[in-house]
Amino acid sequence: MDGIEIIKGTTNQNIIFVAPYGYKAEKENMVDWAWLAAMLANKLHCNAVINNGYRKPKKEINEHSNIQLKRVDLDNLSQYDNTALYDRFIDPIIEQANQAIDNNQNCYIFHIHPVPDEMMKAIDNKLSILLGVGLGAKEKKGRPKDFLSAPKEYVDKFVNNLAQAELLARTTRHQDYAARGNYCLNQLFKRYLNPREDVYSVQLNIRNSDCYGENLSVLVDKLASAIADATDAVTYEPVESSVTSVSGETELAKAISFIIDTYQSAAQEAMLK
């Protein structure tokens with residue numbers, strides 16, 4: 001494997017989960033974002049494009065991107081445009097979106113990002129998720145410049161769906177989480193490429209502590225339920241099907257359930273030590 005995993009769903013092929021920070025070194029407090037994306041894709045039998053081999057350069061020590069050293073911020077398109085990495089990571093997203101559009105469907109993309117607990121507390125301690133949809137920062141004069149990556153009606157509906165699933169969320173104008181920049185992956189089909197009105201893209205900025213231990217499987221169930229309602233997805237128990245990756249490997253949902261149980265047991269044991 002080259003560090004990029006592509007999952008092709010069998011049912012809801014117009015839904016794509018993207019995990020630019022899935023590499024092990026990107027875990028914050030033992031949260032595995034690649035695993036979260038894969039479990040959501042399995043739950044909804046949809047697509048996923050996951051980075052599990054490239055780590056983000058560290059700003060605090062002035063690191064620069066270096067594809068050969070697998071040090072790239074995959075959420076920043078400017079760091080790997082016109083490279084083979086773009087072909088491996090971005091082309092599958094474009095292909096999956098085009099497939100949905102060719103089938104006369106809207107394409108729904110969800111980019112999974114972490115939010116440290118202390119940051120979420122500073123913004124709004126009641127929230128589990130900040131939604132990045134391209135809202136601009138507030139300005140002293142005039143209205144902020146928005147680059148919406150999804151229609152307001154859809155976003156409002158999704159916020160309600162999340163609330164019904166007991167996940168409190170709202171949109172944000174915070175510069176680190178609004179997903180507004182023209183090189184931001186969430187803006188791929190709005191500012192970076194020719195705009196597509198049939199692609200609805202949202203950055204899910206998720207509180208870290210909601211992904212610890214038992215909380216992680218609970219989050220998967222709640223988030224999958226809300227997304228299914230927002231996108232009118234076909235849902236059924238994942239144990240009845242499988243998820244096939246582009247490499248031809250098939251992971252039976254029963255085996256994945258075993259992994260979930262094992263992960264939870266290990267987390268519980270660690271908490272007791």
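**Entry 1: helix H4**

I began with H4 and listed its buried residues: Tyr154, Val155, Phe158, Asn161 and Leu162. Buried here means under 20% relative accessible area, exposed means over 50%, and partly exposed is in between (1.4 Å probe, protein chains only). Looking down the axis of H4, I saw its buried residues fall within an arc of 120°, so they line one face of the helix. That arc is taken from the directions from the helix axis to the C-beta atoms. On the other side of H4, I found Lys152, Glu153 and Gln164 exposed.

A note on the model: it is predicted, so I kept in mind that local features need pLDDT of at least 70 and side-chain atom pairs count only at pLDDT 80 or more, while totals for chains, interfaces and linings use all residues. Residues are numbered from 1 along each chain as its sequence is written, and side-chain values use heavy atoms, with hydrogens and water left out.

What do the buried residues of H4 pack against? I got E4, E5, strand E6 (169–171), E7 and H6. Helices (H or I, at least four residues) and strands (E, at least two) are DSSP runs, numbered from the N terminus. Just after H4, I noted that Glu166 takes a positive phi of about 65°.

**Entry 2: helix H1**

Next I checked H1, where 11 of the 12 residues are buried. Among them are Trp33, Trp35, Leu36, Leu40 and Asn42. Just past the end of H1, His45 has a positive phi of about 50°.

I picked Leu40, which is found in H1. Leu40 is buried, with a relative accessible area of 0%. Which residues is Leu40 in contact with, leaving aside neighbours within four places in sequence? I found Phe17, Cys46, Ile112, Val220, Leu223 and Ala224; contact means heavy atoms within 4.5 Å. Leu40 and Leu223 are 183 residues apart along the chain, yet their C-alpha atoms are separated by 8.0 Å.

**Entry 3: the cores**

Then I looked up the largest nonpolar core, which has 47 residues. Such a core is a set of buried Ala, Val, Leu, Ile, Met, Phe, Trp, Tyr and Cys residues joined through side-chain atoms within 4.5 Å. Those with the most contacts inside it are Phe17, Leu36, Phe110, Phe158, Leu204 and Ile206. Elements giving two or more residues to this core include strand E2 (12–19), helix H4 (152–164) and helix H6 (214–231). H1 gives the largest share, 10 residues. Apart from this core I found another, of 26 residues, including Val49, Ile90, Ile93 and Ile109.
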